[in-house]
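Please open the model in a viewer and keep the sequence at hand. The stops below go from one selection to the next.

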Amino acid sequence: MNVQRKKAPLCSLLLAVGVSACVPDFDDDLSRVAGPQLLALRGSPPEAKPGGDSILQALVAVPDGQAAPKVKFGLCLARKPLTQLGPVNQDCLAEGAPEDVLLSLGEGTEVPARLPEDACRSFGPLQPAEEAGKPSGRPVDPDVTGGFYQPFVARLGKQVSVGSVRIDCDLGGAAREESVAFRRQYRSNENPSLARVWRSGGEDLDEAAGASVKAGSSLTLEATWESCPVESRCGDGACTANEDPSTCAADCATPHGCTGAERYVSYDAEKGAVVGRREGITVAWFASRGHFQTEQTGSSEEEAADSSRTRNTWSVGSEPGPATIWLVIRDTRGGQSWKTFHFDVTP
Amino acid sequence: MLRFASSSSPKVSYLAGLLLAAALCSPASAQAQQAAAPVVADEAARPKLTKPPKLLAFVEAPYPESEKSAGRQASVVLQIAISAAGTVEQAVVLQSAGDAFDRAALEAVKQFSFDPAEIDDKPAAIKIQYRYDFVLEQAAPTTGILEGVVTVRGSKEPLVGVRVELDNGVATETDARGRFHFEPLAPGPRTVTLSRADLKPLQTQERVEAGQKLDATYEVDFAPAEAPAGDDADDLEIVIVAPTLTKQVVSTKVEADQARRVAGTQGDVLKIVENMPGVARASAGSGQVVVWGASPEDTRVYVDDVRVPLLYHFGGLRSVVHTDLVRAVELIPGGYGASYGRGLGGLITVTTRDSDAKRRHVTAQVDVLDASVSGSGHIAEGWTFALAGRRSHLDTTLAAVTDRDVGEYFPIPRYYDGQARVRRQLGPKRYVEVGGLLSSDRVARTVASSDPAERKQETRSLYFDRVYARYVSTDNEGSELHVTPWFGRDRSKLTARFGGTPTELSLRSRQYGLRIDYVSRLLPYLTGNVGLDLEGASTTLHRAGSLSTPPREGDARVFGQPPSDQINGSSWKTINGSAAPFAQLDFAALHETLHVVPGVRVDPFFVAIDRRIPEEGNLPASGAYSSDVAVQPRLSLRYAPSPRASFKLAWGRYYQAPQVDDQSPVFGNPLLTVAHGSHYLASTQVTVLPKLSAETTAFYSRSRGLAVRNPALSPLVGQALLGNGEGRAYGVQFLLRRELSDKLFGWVAYTLMRSERRDSAAAAWRIFDFDQTHVFTALASYELGWGVDVGVRFRYATGYPRTPIVGAYYDARRNLYEPVLGTKNSIRIPEFAQLDVRLSKTLELGPSKLELYADVQNVTDRENAEELVYDQKYSQRRSIRGLPILPVLGARWEL
């Protein structure tokens, strides 16, 4: 959403009483895909233990009629210094970075990757290995969900994107009983998934079949994802906290999570306790024609228990022709998936 | 007969005697005076004069008054018959100069006595001719005159009955016109003491020159106990000037009426500080005071010797002390003396004004920003009070003009403050008072969105209060003792949420302080200043969120960049303090034209913290204690070869304890050490015209041990910050100022400056975040008459430096773009230029006054850039526009 657009009408009035300065309006629109663009990067599975495998996948949006360039993947091995604010050491962004900084993984829309054995020390809660004569350094700070991530870089032409695979690490700096409790209750993340996408008040959209829409019209779309159980219950289809193959074979014989807003636990270092949480879910909307009213919608972690549905309005544009929209669903633990729908914009 | 000459002037009589003796004893002289050749009495015997008579006792003839008054001079030629015993037997006039001169000369010479002449080696009688010269000689000046006038500071009203006493014990009192006169006075330096029961004693040095009249003007303040009831007693006054005895090297003085009329201040006299040379122009709404390239937190603020955490409320709209209670503010950008310390930057001291001991005064003021009231005056005999309060109503004002929730987009400052004081006068020059002040600020901003990642919420608050007692004693010699113990609380809290990333920083602190300051003139040429500056604090802090939020100076970031979602949390407690004794001497030399002021301050810093490393499992907390004794020498020199020119030099060492919020074991470093720095400055001041002066100051400061982020890939635990940073700032400032005269005053201030930082001694220097190359301020105010004043102000300033963006990459996990930054602080916000105008009209309403004013900022509606912002992909850059044309209308009523 371009929040700045809403500020403009009020600007003069507020300035007249000296409240604040005035923020300029930009005409950028993240929902519009004008050329080949990388819209999402994920690991499948999205979370793995050090030394574990994950398939790195990219969603490359290519407007109708354009060719898709290749995506080059690399695993970033360099830890980020505290003086850099982004998610990755900027040395990994440089083209031609050395292999001990950026390990090349190959090209394509998906490549296999194996997490480094020391991922929890380089990017996780464990202190880095001691160097000769020096004490161990500081662990990496977790994200807001208590997670740690192995970064990887994807290049699409000159576009550089950074994705990540969540690392399943033991707790660092926690009391033993909390570590045990965490390990007993924590379940690796599952990539979320869009269960349905449909025209508001109309039929479901089909990725394969496509649909038609009138030029100049606005289309309200709704999307939903799986509603995950609020409480752990054997037989609910998700192997969740306190469940394992011995206590709930039905859910955990083949462990899998929920593809919606999952419940999970994280360690609250300030409280010194493992606390229960629920993922937030967002859906990013992209279109090759027109624009979406809001670039991203969804539910925060606080709202996730009450909602598994979102909506947005697509202003189709006045020009007839083929159009594509992409919906990317993300959970707050780094899981992602997407759907693509094709339209025929008719006069 | 011999001929001699003499003069009637007493000043030359001894010399005349010598000449006489020389004439008598020297044959050459006798030969030379042919007409005075001796005439021997018995010429037939032709005896030989073997020894001429010698005048032993000369008696000066009184100058005839009639002739003296007529200005006549003359010479009387006499014949004197000298006996063999040396006495004058007879004297007759040979050449008259008039009866009065003749009689005077005859009477005088008859009293002469001689060593008798010898003829043929035997004493003998002899007759000589003697010319007695009556010469009116102008005496060489050996004394001087000191006179002058004593007036009330500000109103210029003459003061009668002021005792003016010199160091030789001579004293007089001023007359009805406030004038006094001393004559004659031996030349040299004189200590002048002014006193009256209701006045603050003033002692100063003057230099009396022989043959010259020194006309001095003394402006004095009333002591609170017996202040006269005058209309001007409540005049606001701002004095940016050195103390009476211990002058700072760089000082500027602004009269009250001038400060109030400066455009752009909305009548808040403390906002004049923003217009002083050496002070950078703060970003709109920041309220920061950046002095000589120092960080805002490095400049310390005191109100009546009590340290307060800030000078302005959030947004910089108002100062935290009510205008009507301010008597003086002193801004010392650097190089200050030993009585203050613990800061690497400048020093701002605010002095509250004394209350009128005979009347009560009430004021009320309201404009679109806030409303305030104040009262002061007497309570009972010897008791006075002062009270003031203010509260913002901008939120209400906005609600009246729009039904939208403006707080959704814009932080609206909400503030209040109050001050109270009761004073008991113990004597003419002694009082004790208790008082307090408090201030509260809060801003909140909320941005709602259907996108959880775009929801933003931020709340900042700061509350502080202070309670103090104060004892002040002054004696007639000008010695002054201040004792101020104080206690206070600081509470600040920042809570923010940017998307799902929380930020919290809260601080609760108890502050303790004691200042003892004694100034005395030890010798006529030596002034001493000793004291104790004690401060301590017990602070509890909590911080949660990203390591880089809130950002700190030097961070590679851009405005509006979402914070990192990597978070942590920490709670810690600190106890820190220092009890610093200080001493300073002021040596005066070269007839008070040279002052050498050495000083020293010893700050024994100590810090105790309850956690040295982050909480980890069940491990017990391990604290840390550190101390450091900082010896800080200071030296300043002032040389004024003439009343119109002076030169100043200053140097000093300064130390500053680490900020308590930098001592987190997670976000900072509990073991940060004390930072230190040096100030160097040189200044000249020239009075171009009687009301026009020019001052130029060059400065250089160097600091080390500044807290900076740890650049290591794997910093050690508890070392997110390191004390390796260094800073330097240098530049020159210029002030051309016209004092109030012919209803006009104003000044032009310009500062050319560069401030730099580096993260370690091995790193390259980079431009400091608050560097401003050029800061120019010109302001003027003119009294049009009929109670109408008009003021204008023009400001120009280079924009603050910013780091350019050279690219961006996509963070697929968070669905946002991150910037790739170029060379740190290598571009700048466009320059700022603004013209402000103030117009006021004062109406007399019986015993009260009503002032209506319009303070219009940015009258040309120039689109000034306040910050650089980028689109979401960091591919477009634009500027946040500053204030458009902004009229602030208000009224002030005074009784």
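Select strand β42 (residues 805-811) of chain B first: six bridges join this strand to β43(B), and the two run antiparallel. Strands here are DSSP E runs of at least two residues, and helices are H or I runs of at least four, numbered from the N terminus; two strands pair if DSSP finds at least two bridges between them. This is a predicted model, in which local features need pLDDT of at least 70 and side-chain atom pairs count only at pLDDT 80 or more, while totals for chains, interfaces and linings use all residues. Residues are numbered from 1 along each chain as its sequence is written, with chains lettered from A and ligands numbered from 1 in the order in which they are written.

Within this pair, B:Gly807 is opposite B:Val820 of β43(B). Go to the hairpin's four residues between the strands, where B:Asn815 has a positive phi near 55°. Then select β43 (residues 816-821) of chain B: five of its six residues are buried (20 or more other C-beta atoms within 10 Å of a residue's own, C-beta atoms being placed from the backbone).

Next, show strand β8 (residues 159-167) of chain A, which runs parallel to β42(B) and is joined to it by two bridges. Here A:Val162 stands opposite B:Asp811.

Finish in chain A with the open antiparallel sheet of four strands, ordered β9-β11-β17-β15. Its edge strands are β9 (194-199) and β15 (291-292).

Terms used: Buried ≥ 20, exposed ≤ 12 C-beta atoms within 10 Å, placed from the backbone.
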